[in-house]
Structures are given as structure tokens and as C-alpha cells.
Amino acid sequence: MKLRRWILLGVWVLSLVSISFYGGAVSYGFFFGVTLLPVISLVYLLCVYWRFKIYQETDRRNMVCDQPMSYFFMLENEDYFAYTGISVRMHSSFSHVEEFPDNVEYELLPGDKSTYETRLVCKYRGQYDIGVKEVILTDFFRLFRLRHVISGQIKAMVMPKIVPLQELASIVDLPALARQDALGNTETDILVRDYIEGDSLKQIHWKATARERKLKVRTMIGKENQGVSIFCDTKRCSESRGEYLPLENKILEAFLAVAYFFAGKETAFSAYYGQKGIVKGHVEGIHEFDDFYHKVSEIQFGAEENLQHVLEHVMVWGELWSSGIVFCILHELTPAVMDITDRLIAGGIIVVIYVITDQEPMDYVRQGSLRKRIVVIPVEAGLEGRL
């Protein structure tokens, strides 16, 4: 396009020289023709800019990640002159239009229309624009280009997908661990430890407390608790949508995958997360999962949310001490969270931590142990075989 402008400028200079040295009707006609050419071209382009029509539609506005939906757009020329040089640009950061031809320019004669039917896939959970982002208009002589941003954008409400798991790789060895504890400790509740703030009063071993003159609590090793608790970190870690959308999508995806695994096995679990306050959900089985799924889909991540705050309050409530295993799904493993999980482990609870991050896995894994499993999941990785 720049080359064409320079060529036109050169031709205009030549026409100017022609009328300056030679004059005549031909020279003046050539000069005025070259001078008016860009003006006419720009007027034509402005007419197309204001007159062309584009329509787009999806079969629904509420959708699920990675599930294709029907999508079509149509360009139409309702005027009495031809349109040329029309290019379409799609939103591509968070959605994908299948088999869409790139770098195609449409030319529409009067009354013509161009329809494209395909499928559209949303990559991440959240609310964002999909489909046609803008239309690029170019004149006949390719001297000018206008960018037309579509005013009627399609705003999608995308819900997280549910990943069904046959097993949780992080806890497949728990039965063997339970048998090992049973063999090593034949009497129930004989092991005690010092009281830690947040321990349930029901765990206090009064005889040991009287004997040692300080609060002692049972470790509950001989008698395994059966409860399952799941904690989800809802803290927004970035102001950039391109950074926080993929991360938050994967966190909720892992949250739902673990929850769906236990619900499918008719195993009751409690779920906790922050929403400007602590939200607790309890699911007894698969028949209650749909309601839980819709609540999780509405989670709003915020900079003020703090998983440490949620963990500490639930520990004070005392409900957590009936759990045999606690799952934590977070984007960063902080020393404060590690300290709380150590207190849970000291109380005989197994802790599984899923860290959704693209950082080096070994930095986290080396902090794990037999009763504290740390699993690193890259943001764009699949969950099958990792959870």
C-alpha cells in the first residue's frame, strides 16, 4: 500500500511538471485526473464503510469450554455499487473459529452476500467477546485502508468444563498407606502431640494433658477419618486478562474434576472457597453435583481473596478435623499455606496440593512428603493422569 502511494505521488509530480513546462488540455486533464484519483477512492471507501452490513450469530450464548457450537457470519451488499477489498478478523485470543480461511478478501457485487457457516470453540471460562472482531476495508486502488470495529459484538458466557477421571493418581497409594499405619499402631488414639491453635477440642487427650500439664491432642492415626475437604484458591494474581483467564480456568477445571470424581463415587465432600467471605458447599453424591457445578461456574476471582484466610477459619470452626484427606487447589504455594498444611498433617490428615503454575516443578515437589503430596500442573496441560 505504501508503494502504491509513492507511485501515485511520483505520477502526480510528473503531471505537475508537465503542466508547468508544456501546458495544454492533455497535461491539465492528466494533472486533474491524478489529483482527483485519491479523493474519489477515499470517498468510495467511506461510502462502503458506512453502508456495508455484517451479521453474525451463535446457537447459544451460554457455553462450555472446549465444546464446539454452531456459528455463522454473513457479509451483504445492499447497495447499487460493488464492494471490494473486505477482510474479516476474528477474536482469536480466547476463542477459535474452526476452518476459517485467513487472509481472504471478499468482493461483493450489488445484492450479493457471502455466508460462512462453521463451529466456534471457546478456550477458557469467563465472559468475553467472540466471533468477528473487526472488518478491514480497502479501496479499489489500494491507497487507503479503514478498520471497522464491530459494534454488535457477541459476548459469550463460558462455563468451565468437567473432566471425568477414572482415578486420582495422587491418592492411588492411600489404601497401602492406611494398612501401614494400622500395622504400626494397633491401639487407637494412643499417639498424642502438642495442641496447635485451630485443633478441635474433641481431639484433646485429657489424661495426657493432666500428666504433662499442657494441652495434648490425639493424632487419630489408628482410626482413619473418612471425610474429604476441597479448598480452591480464588485470588486474582494479575490484571492482564491474557494471564488470569487461562490460570483461573485451569484452577476451576481442577476443582470440578476432583469434586466430580468423589461425587461420581457417591463419596460426600465439603468444598471451601472465598467470595468476599467464606463459601462452603457440601455434596453428598452425584445427584447434588449439578447445583454445585453452577455455583462454581459463578465464582468471581478477586485480588482480596486469600486461601490462607479460608483455611485458618475452617480450622477454627473444627469441621476440618473430621477429614481424612484435604485437597488444596492454588496458583502459588506460600510459606503460610505450607505451615497450615503441616498442622493438618500433624493432626493425622493427608494433604494433597495441586499447584497450577508454569514454574519449575521441582521447586515445589521437593517440599512434599508421604502425607503431603504436591502436584504441579502447567496452565495449558491436560488433567488426565496428572491429578
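Because the model is predicted, local features need pLDDT of at least 70 and side-chain atom pairs count only at pLDDT 80 or more, while totals for chains, interfaces and linings use all residues. Residues are numbered from 1 along each chain as its sequence is written, and side-chain values use heavy atoms, with hydrogens and water left out.

Start with the whole chain. It has nine helices and 19 strands. Both are DSSP runs, numbered from the N terminus: helices are H or I with at least four residues, strands are E with at least two. Of the 387 residues in the chain, 48% are buried. Buried means under 20% relative accessible area, exposed means over 50%, and partly exposed lies in between (1.4 Å probe, protein chains only).

Two packed helices are described by the angle between their axes and the distance between the axes. H1 covers residues 2-21 and H2 covers residues 24-51. They pack at an angle of about 150°, with axes 8 Å apart. Axes are lines fitted to C-alpha atoms, for helices over the stretch in contact, and angles run from 0 to 180 degrees between N-to-C directions. The angle makes H1 roughly antiparallel to H2. That label applies over 145 degrees; under 35 is roughly parallel, 65 to 115 roughly perpendicular, and the rest oblique. The crossing of H1 and H2 is left-handed, so the near helix is turned anticlockwise from the far one by less than a right angle; clockwise would be right-handed.

Which residues make the contact? H1 supplies Leu8, Val11, Trp12, Ser15, Leu16, Ser18 and Ile19. H2 supplies Ser27, Tyr28, Phe30, Phe31, Val34, Thr35, Leu37 and Pro38. They divide into 11 nonpolar, four polar and no charged. Here Ala, Val, Leu, Ile, Met, Phe, Trp, Tyr, Cys and Pro count as nonpolar, Asp, Glu, Lys and Arg as charged, and the others, Gly among them, as polar.

Ile40 also lies in H2. Ile40 is exposed, at 55% relative accessible area. Its C-alpha is 9.8 Å from that of Asp139, 99 residues apart along the chain.

Move on to H5, residues 241-264. Its 24 residues reach 33 Å from first C-alpha to last, close to the 34 Å expected. The expected span is 1.5 Å times one less than the number of residues. In H5, 19 of the 24 residues are buried, so this helix is largely enclosed by the rest of the structure.

Val296 sits in helix H6 (residues 289-297). Val296 is buried, with a relative accessible area of 0%. Beyond its neighbours within four places in sequence, Val296 contacts Arg125, Leu252, Phe255 and Leu256.

Finally, look at the loops. Most residues other than glycine have a negative phi. Glu266 lies in the loop between H5 and strand S15 (269-274) and is partly exposed, at 45%. Lys276 also has a positive phi, near 55°. Lys276 is in the loop between S15 and strand S16 (278-283), and is exposed at 75%.

Methods. Contact = heavy atoms within 4.5 Å.
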